[in-house]
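Student: Please take a close look at one residue in this model, and then show how the parts around it and the rest of the chain are put together. Give the cut-offs as you go.

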Amino acid sequence: MAAWPAIPSAAGGSPVVTKVTLITGGARSGKSRRALEAADAFERVAFVATARPLDVEMRARIERHRADRPAKFLTVEAPLEPAEALRALPQDVGLAVIDCLTLWLSNLMCERGPLCTDCPEIVALLDVLRSPP
């Protein structure tokens, strides 16, 4: 899971990104809950979801996560290209959460094979995290 908060610029223009935060932990360790807690401080939040509802258990987890998110969240489904989703977010988004990087990498391996040596989606996400929109 990655997230970055933004603050208004001194001139009152577009927000200025201040940092990227990586929240790590094992499966069901509270990473999403921690991101939701951080989101309380922001008026507009984007949630970039990478999970795919491929089985009953995952569908239930996705539904539970949707129910836990406040109405102020803009949810974007991006199982393969979270970088594109981040670039396309409205400028008034103060915090963007990607949930979950592990599932995203798993999705890429399923699509491209586990030994993929050319994965532009990974390069694109690293570029976005280096210089958030």
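Tutor: R61 is partly exposed, with a relative accessible area of 22%; buried means under 20%, exposed over 50%, and partly exposed in between, with a 1.4 Å probe and protein chains only. The model is a predicted one, in which local features need pLDDT of at least 70, side-chain atom pairs count only at pLDDT 80 or more, and totals for chains, interfaces and linings use all residues. Residues are numbered from 1 along each chain as its sequence is written, and side-chain values use heavy atoms, with hydrogens and water left out.

R61 is located in helix α2. Helices (H or I, at least four residues) and strands (E, at least two) are DSSP runs numbered from the N terminus. From C-alpha to C-alpha, R61 is 9.2 Å from A51, while ten residues separate the two in sequence.

For the setting, the protein chain has five helices and six strands, arranged along the sequence as β-β-β-α-β-α-β-α-β-α-α. Of its 133 residues, 37% are buried. The accessible surface is about 7800 Å², and carbon and sulfur atoms account for 57% of that area; the areas come from the Shrake-Rupley method with a 1.4 Å probe, and for residues only the protein chains shown count as cover.

The residues concerned in α1 (31-39) are K31, S32, A35, L36 and A39. Viewed down the axis of α1, they fall within an arc of 140°, so they line one face of the helix; the arc is that of the directions from the helix axis to the C-beta atoms.

At the other end of the helix numbering, α5 (120-130) has E121, A124, L125 and V128 buried. Their arc around the axis is only 95°, which puts them on the same side of α5. With neighbours within four places in sequence set aside, E121 touches L80, E81, W104, L108 and R112.

In the largest nonpolar core, which has 17 residues, V48, L86, L89, I98 and L125 touch the most other members; a core is a set of buried Ala, Val, Leu, Ile, Met, Phe, Trp, Tyr and Cys residues joined through side-chain atoms within 4.5 Å. At least two residues of this core come from each of β4, α3, β6, α4 and α5. A second, separate core has eleven residues, among them A39, F47, F73 and L95. In soluble globular proteins, nonpolar side chains tend to be buried together.

Charged pairs complete the picture. The whole structure contains seven salt bridges, each a side-chain nitrogen of Lys or Arg within 4 Å of a carboxyl oxygen of Asp or Glu. In one of them, D92 pairs with R44, and their closest N and O atoms are 3.2 Å apart. D92 is in the loop between α3 (82-87) and β6 and R44 in the loop between α1 and β4, so the pair ties together parts 48 residues apart in sequence. D92 is partly exposed at 47%, as is R44 at 27%.

E111 and R52 form another, with 3.3 Å between the closest N and O atoms. This pair links distant parts of the chain, E111 being in α4 (101-112) and R52 in the loop between β4 and α2, 59 residues apart. E111 has a relative accessible area of 48% and is partly exposed.

A local case is the salt bridge of E84 with R87, 2.8 Å from N to O. Both residues lie in α3, three residues apart, about one turn of the helix. E84 is partly exposed at 42%, and R87 is partly exposed at 41%. Elsewhere, salt bridges with shared partners join E63, R66 and E77 into one network.

Technical notes
Contact = heavy atoms within 4.5 Å.
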